[in-house]
Amino acid sequence: MSEQIEDIAAHYILRRENRDWSERDQQELNVWLEESPRHKAIFWRLERGWEMSDRIVALNLPSTPRFSSNPLLKITGKLAVAIAASMIPVLLGWMLLFRDPVPEHLTEYVTGIGGRKVISLPDGSTVDLNTDSKIRLSFTDTQRLVYLDRGEAFFEVTHNRKRPFIVRSDDRQILDIGTKFLVRKEGRQIVAAVTEGRVKFGHIENGKIRRDQLLDAGDRVISEGQSSLVIYDDKRFVDSMASWRSGRLMFDQAALADVAAEFNRYHRRKLVISSQGLTHVRIGGSFSVSNLDGFVRLLDDAYGLTIRESGDEIIISRD
Amino acid sequence: MADEELKEWFLSVVLPLEPQLVSYLRRFGDRSDEVRDMLHDVYEKALVGAGRQLPRHGKAYVFAIARNTLITRAKRAKIVRFELIADFEDNYVMEDPITPERHVEARVELQRALDGINNLPPRCREMVRLRKVEGLTTKEVAERLNVSTGAVERQMTLGMRALADCMLGGDGSPRRTRPKIVRLSRKDRSNV
């Protein structure tokens, strides 16, 4: 009995990784999951196990010779573990690290709209990748580099002073001092927020790090162009920034336009506010990320707004 | 309770117990398919019970369910002697009833990944490698290896399940529903 459920779950997990996974497919999966807690248990277990085996990426596997039955290419355990365990204790000043040119071919992780990926890295750190995001990894003996090309990611880092963990986005750099922080890139604006521990945030100019700031838990920095604004000690806000990790979006007196823009990151159907006066209406509360229709109904009930659907747009107006 | 909360609890409290759960459930017998089925029973019941409110002592809660699952199976199977049932019903003494699971070292997890991938049949291993390391989609893997997408899906789902077993602490040998081959003795054959 369990065999078939595992088989179905595995097929869903596999299909979901393909680019043509639609909202209808997601609904189908949700329905299947809701059918029984056993489905959920088996699915969540497989999902976690599959994601944990991403460590394979770190093993530098050669391709298997044409399916021979002799395991000619079994990688000796010692070698692989040595690769993981060796850390050349060269203490490069973190300013010099930027001398490495940006490599072209790196391990890439991408999520689509409404997507989400939790990646277990070979060093024990995890990256929780939010909707519509892209990161590239460059892990070497001396450093662990993550390029955030698009979107948002939450990092839980295994600290290692001799092998620093660094996130780069455009010309900004976040050095992990330990342990949990979030980075978000939206157009030219980069936001970094610390939920636990401490990071160092800086601008990269001419290959050097300038204007670095130490950020502790509860601090966040909003950086755009030449300037960075640090807001200290607002733990509640920082925690709400990461609420998508529990599938929720939280707002505290946010303008409707901003709330709509947030929802739009996660859904193909986009909220459009057509009445000028509406954009500044203040919204507060905690909403389920995936339940777009629920949020729209709420707007209707609470504010008496008119909702109209046209193609891929949900148009909200006053009359 | 929100699904996300339940899932978070399941992944951080329940799943890390898998190695201990599997060795505990093996008291019933060594048949891997039965052990796996019981493991899933435990997980299912854990979710049902925790659905309303998360238990305070996750490990104790999960092992209580495991004990009940064993007892139920043993009684149903009717092959276990009375003394053995009494053995199950004794309070199962756990080493650390309260301490949380320690984070498994990164090295251990890397070793598991290595074992896992090495234990896959060659064809399966190559497909998983193409998927994980080169990031090819199912269709691209099929084109690269000149096989059907169906074949790729079959192999990769098997590989996925075996790897999950290994990463979560089991032995990771890929299970395939092998058809039972029953050898007829010469005597039986004459009656066919």
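Modeller: Let's start with two strands of chain A: E13(A) and strand E16 (residues 313-317) pair in the parallel sense over 4 bridges. Before we go on, this is a predicted model, where local features need pLDDT of at least 70, side-chain atom pairs count only at pLDDT 80 or more, and totals for chains, interfaces and linings use all residues. Residues are numbered from 1 along each chain as its sequence is written, chains are lettered from A and ligands numbered from 1 in the order in which they are written, and side-chain values use heavy atoms, with hydrogens and water left out.

Colleague: What makes E13(A) and E16(A) a pair?

Modeller: Two strands pair if DSSP finds at least two bridges between them, and here there are 4 bridges. Strands are DSSP runs (E, at least two residues), as helices are (H or I, at least four), numbered from the N terminus. In E16(A), Ile314(A) is the bridge partner of Leu271(A). Leu271(A) is also on the covered face of E13(A) with Ile273(A), while Lys270(A) and Val272(A) are on the uncovered one.

Colleague: Why is Asn68(B) called partly exposed?

Modeller: Buried means under 20% relative accessible area, exposed over 50%, and partly exposed in between (1.4 Å probe, protein chains only). Asn68(B) has 44% relative accessibility, so it counts as partly exposed. This residue lies in helix H4 (residues 58-77) of chain B.

Colleague: Why is helix H7 of chain B said to be largely enclosed?

Modeller: Because 10 of the 11 residues of H7 (residues 122-132) are buried, the helix is largely enclosed by the rest of the structure. Among the buried ones are Pro122(B), Cys124(B) and Met127(B).

Colleague: What makes a set of residues a nonpolar core?

Modeller: The members are buried Ala, Val, Leu, Ile, Met, Phe, Trp, Tyr and Cys residues joined through side-chain atoms within 4.5 Å. The largest such core has 63 residues, and Phe43(A), Phe10(B) and Leu21(B) have the most contacts inside it. Helix H3 (residues 32-50) of chain B gives the most to this core, with 8 residues. A second, separate core of 30 residues includes Val281(A) and Ile314(A).
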